[in-house]
Amino acid sequence: MASVLVASNRGPVSYVLDEEGSLDTRRGGGGLVSGLSAISSKDSVWVCAALGAGDREAVRRGVGEPGVRMLDIDPDTYADAYNGIANSVLWFLHHHLYDVPREPVFDAEFRRRWEAYRRYNRAFAEALAAEADDGAAVLVQDYHLALVPGQLRELRPDLRIAHFTHTPWASPEYLRMLPDDIREELLRGMLGADQLGFHTEEWAAAFRGCAGADVEGTRVEVYPLGVDADELRALAHRPAVDEWLARLREEVGDRKTIVRVDRTELSKNILRGMLAYRELLTAHPEWRDRVVHLASAYPSRQDLESYRAYTAAVATLADEINTEFGTPDWQPVLVSVQDDFPRSLAAYRLADVALVNPVRDGMNLVAKEIPVVSEAGCALVLSTGAGAHEELKEDALTVNPFDVTETAEALHRALSMPPTERTDRTKRLAAAATSLPPQRWFLNQLEALRA
Ligand code: G6P
């Protein structure tokens, strides 16, 4: 039994079955992991889903970490809920990603998947109800679990329930694409919470706009997650990062770097970022052979066809740019598909320019991390679509994510920025980025929920 409970689809650990049939443990990072470390693990439980075969095997064998409860949800139900609804419908709505002439299509198949989403949410609500002490605080995370607050409220009216959305929230007009009854169910699920959290005023306002007068009785608050400067700098100076830095330095030579690090994710706008880089090399040929674009774009959600196609398109465009401009000693774009945090941190340290240009993004912690660890100070090209824009806009070079020419010009300005200006801006960016570190972010929500 626990007095503080966290629920999220992806948990803090995962398991991989090796060839001999034994289980390797992988520990994840991220804001939630450091946030929860603010409280003692004796009083807390983290409820998450078994994501793959390794996790399911761990549940069956009773292997697990103290304070983590993994739910072995029927694989078909899980796939329909996670791929079919959370990532294909709710993610697309909140990020405004639909190619509207073709999608969305809300048919009988959608209804079948929605039922799976409901069952998957119910499995979480039941597990939380079973694990929570009287009056416990429950902090539910993200669009995967939007129905949990309402379901849990019915099972356990005594609990204090919060929900935090790490993505944007859809604008009212966009959310109206959903069938009426489903939209109402979604909003009612969220409004089962005492407290709803968002990263920015803009997303909170979008939610209020969708919920209308029904929002009475639920506090809608903004908690803009930041980064922990000391922790991040310590991580960025481990030997594995130093080794990567040496390798990257060798590849880049004395050229400048434009760095981006993303999951290969439709909303991250990697293609327009590369188009802008191509336009930079065309409009400002003086940068040829004097800059390298380090684009780390590691695979994500590859069960979805649109993500596979996007991943392939990123590789193709990078090849085209390399063919068009490359020389025997200069490769203009270096794409890395490795999800390797030490390598990303090395790229952060090396960054002269950071490119963060999502079409729409809940926060985007890369925009906050790079200024904290970059060695020579970096100029941040940041789109208005990133949640981080609300806090960083004064010292970033702001761009419209759809305007490739504006982005190309911002890259040029960023590369040309005088060193002192770059250093000054980076200091202010780092200060803004670290103003609400994960532990404080988490405790502020917990304290408000208990007040
Ligand atoms: C976003 C979501 C998270 C999610 C992450 C990675 O940041 O807000 O909830 O965990 O993307 O996506 P994945 O589908 O791999 O868990």
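Predicted model: local features only at pLDDT ≥ 70, side-chain atom pairs only at ≥ 80, totals over all residues.
Select Arg10, Tyr82, Trp91, Asp142, His144, His166, Thr167, Arg263 and Arg301, which surround the ligand. Colour them by class: two are nonpolar, three polar and four charged.

Now zoom in on the polar atoms. Show the side chain of Tyr82, where a polar atom lies 2.5 Å from an oxygen atom of the ligand. Next comes Arg10, with a polar side-chain atom 2.8 Å from a ligand oxygen. Then pick Arg263: an N or O atom in the side chain of Arg263 is 3.4 Å from an oxygen atom of the ligand. On its own the ligand has 380 Å² of accessible area, and the protein covers 73% of that.

Thr165 sits in the loop between β7 (160–164) and α6 (172–175). Is Thr165 buried or exposed? Thr165 is buried, because its relative accessible area is 1%, below the 20% cut-off. Select what Thr165 touches beyond four places in sequence: Asp142, Met190, Gly197, Phe198 and His199. Asp142 is also one of the residues around the ligand.

Select residues 180–191 to see all of α7. The 12 residues should span 16 Å at 1.5 Å a residue, and the end C-alpha atoms are 16 Å apart, so the two agree.

Move on to helix α16, residues 404–416. Its 13 residues reach 18 Å from first C-alpha to last, close to the 18 Å expected. At the start of α16, show Asp403: a side-chain oxygen of Asp403 comes within 3.3 Å of the backbone nitrogen of Thr405. Then select Val404, Thr407, Ala408, Ala410, Leu411, His412, Ala414 and Leu415, which are buried. What do the buried residues of α16 pack against? Show β10 (256–263), α11 (270–283), β11 (291–298), β13 (353–356), β14 (379–383) and β15 (397–399).

The last stop is Leu443, in helix α18 (residues 438–450). Draw a distance from Leu443 to Gly35. Their C-alpha atoms are 7.7 Å apart in space, yet the two residues are 408 apart in sequence. Finish with Ala38 and Ile39, both touched by Leu443.

Technical notes:
Residues numbered from 1 in each chain as written. Heavy atoms only, no water. Near = heavy atom within 4 Å. Polar contact = N/O pair within 3.5 Å; in protein donor to acceptor, adjacent residues only side chain to side chain. Areas by Shrake-Rupley, 256 points an atom, 1.4 Å probe, with all protein chains shown as cover. Nonpolar A, V, L, I, M, F, W, Y, C, P; charged D, E, K, R; others polar. Helix = DSSP H or I, 4+ residues; strand = E, 2+ residues; numbered from the N terminus. Expected span 1.5 Å × (residues − 1). Contact = heavy atoms within 4.5 Å. Buried < 20%, exposed > 50% of the residue type's maximum accessible area, 1.4 Å probe, protein only.
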